[in-house]
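Please keep the sequence and the structure in view while reading.

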Amino acid sequence: MLGTTLVVLSYSLLNPVLAVRLQTSGASSTAIGLIAMLPFVSIVLLVPTVPRLFAHIGVGQAYRLGLTLELIASLGYLITDDYRIWCVLGLMSGIGAAAAWNATEALIAHNVPATHRGRLTGLYQTALGCAMALGPLMPAAFNLTPMTAMALSALGLAGGVALTASPDINRLSATHDDHVPMGLLAAWRFRPALGWAAVVGGVFEVGLGSITTAYGSQIGLNLAKATSIAGAMGIGSFLLQYPVGWLADHRPPRRLFVAGGLMLLISGAAFMQASHWPWLIWICAATWGAVGGAMYTLSMIRVAHDFADSSALAGTSAMIASYTLGGAIGPIVSGWMLDHTGIQGQGLWLAALSISLIAAHSMWTAPAHHTSINERDGL
């Protein structure tokens, strides 16, 4: 958990800086969105192969291999500013993240006690939210140049590799020895509403950071202020994840998903007014980080319950693929919308996405044998 938190801290520092470097060099919002999308494309494409990789070399070894690939990619950004090479590096970092991310989430879902899944998963996501908040704020706090920020990002990834070198990781498992085999598509069909919530969470929590930072730079904000937009997203995620985890242990999940969709709908409508009141950008960003992260956290908590008799690895892989799909389409669609329809079109597409989340969960009910006491009592 600490190793993955370091990875998130490093990339939350790196990605806004890359976006600002591209914007100041004259790149379009669509080109910036493409760079932000590529790591998630790699993750989506490779998630189906991750269980075979885990079976072949072990979860611990796969995790370390993933972190190493991410470290190599981050070092590459220091060596060159060629856009085409940056695209390759983005794909490489996504390959590493596919292994490391799946390993972390599957180990947590499989090993955390059922009575504390919400709270401990929320605590872990809180740590990630803290990292997401701190990274984009570091350029302003320490007056960093872009190259210094990128070097610090690589140093953080190196720290993650060193931290997880312990052989103890190799003794953890991510599935029951007698688990019922389940593929990615089967997991999606088993809980499609959870998968869609993860898609929406990916769009809002990680799919909007770079493109909204670039938009801030476009309207005249300096590096520190523009990257602080992404910092607001991280702060929102940090503040809400543990409370959501606690609520997941005590309240019906359907109500939490629908409430989150309503909050995202309101934020999408508010963003359309940001051209008149720029301070709304930070408020909307904080809401996206908070609620987008909560949708993913709630999905993972339900996976730990609903896939307990089959494979936590299958369930978490399906949610990660869904979340990264959202992270992949978020930047490219948002970049296109901003280029061609402006801030009004961007707000409308986010509002439509929120409505789809509400619709998906308005009639969804958790299975009775995995519901909480409050759900059985109808609270």
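**Ser267 and its surroundings**

Leaving aside residues up to four places away in sequence, Ser267 touches Cys284, Thr287 and Trp288. The model is a predicted one, and every value below is computed from it. Ser267 is placed in helix α12, which covers residues 253–271, and its relative accessible area of 5% makes it buried. Between Ser267 and Cys284, which stand 17 residues apart along the chain, the C-alpha atoms are separated by 5.4 Å.

**Packing of α9 against α13**

- Trp288, one of the residues touched by Ser267, also takes part in the contact between α9 and α13, two helices whose axes are 8 Å apart and which pack at an angle of about 150°.
- Because angles over 145 degrees count as roughly antiparallel, α9 and α13 are roughly antiparallel to each other, and α9 passes α13 in a left-handed crossing.
- On the α9 side the contact is made by Leu194, Ala197, Ala198, Gly201, Phe204 and Glu205, while α13 contributes Trp288, Gly289, Gly292, Gly293, Met295, Ser299, Arg302, Val303 and Asp306.
- Sorted by class, the residues in this contact of α9 with α13 are seven nonpolar, five polar and three charged.

**Packing of α9 against α15**

- Helix α9 (residues 192–205) also meets helix α15 (residues 342–362), with axes that come within 9 Å and cross at roughly 160°.
- That angle makes α9 roughly antiparallel to α15, and the crossing of α9 and α15 is left-handed.
- From α9, the residues that make the contact are Ala193, Leu194, Trp196, Ala197, Val200, Val203 and Phe204, and from α15 they are Trp349, Leu350, Leu353, Ser354, Ser356, Leu357, Ala360 and His361.
- The contact of α9 with α15 holds 12 nonpolar and three polar residues, with no charged residue among them.
- Phe204 is listed in the contact of α9 with α15 and in the contact of α9 with α13.

**Packing of α11 against α13**

- The axes of helix α11, which spans residues 223–248, and of α13 come within 6 Å and cross at roughly 40°, and the crossing of α11 and α13 is right-handed.
- In the contact of α11 with α13 there are 16 nonpolar residues, eight polar residues and one charged residue.

**Aromatic pairs**

- With ring centres required to lie within 6.5 Å, the count of aromatic pairs comes to seven.
- In one of them, the rings of Trp101 and Tyr296 have their centres 6.0 Å apart and their planes at 55°, so the pair is classed as tilted.
- The rings of Phe204 and Trp288 form another tilted pair, with their centres 6.4 Å apart and their planes at 55°.
- Since Phe204 lies in helix α9 and Trp288 in helix α13, this pair ties together parts that are 84 residues apart in sequence.

**Individual residues elsewhere**

- Cys130 lies in helix α6 (residues 117–142) and, at 28% relative accessibility, counts as partly exposed.
- The C-alpha atoms of Cys130 and Ser362 are 31 Å apart in space, and the two residues are 232 residues apart in sequence.
- Asn143 is found in the loop between α6 and α7 (146–163), where it is exposed with a relative accessible area of 69%.
- Most residues other than glycine have a negative phi.
- The phi of Asn143, by contrast, is positive, near 55°, in a residue other than glycine.

How values were computed: Residues are numbered from 1 along each chain as its sequence is written. This is a predicted model: local features need pLDDT of at least 70, side-chain atom pairs count only at pLDDT 80 or more; totals for chains, interfaces and linings use all residues. Side-chain values use heavy atoms; hydrogens and water are left out. Axes are lines fitted to C-alpha atoms, for helices over the stretch in contact, and angles run from 0 to 180 degrees between N-to-C directions. Helices (H or I, at least four residues) and strands (E, at least two) are DSSP runs, numbered from the N terminus. Angles under 35 degrees count as roughly parallel, over 145 as roughly antiparallel, 65 to 115 as roughly perpendicular and the rest as oblique. A crossing is left-handed if the near helix is turned anticlockwise from the far one by less than a right angle, and right-handed if clockwise. Contact means heavy atoms within 4.5 Å. Ala, Val, Leu, Ile, Met, Phe, Trp, Tyr, Cys and Pro count as nonpolar, Asp, Glu, Lys and Arg as charged, and the others, Gly among them, as polar. Rings of Phe, Tyr and Trp (its six-membered ring) pair if their centres lie within 6.5 Å; planes under 30 degrees apart count as stacked, over 60 as edge-to-face and the rest as tilted. Buried means under 20% relative accessible area, exposed over 50%, partly exposed in between (1.4 Å probe, protein chains only).
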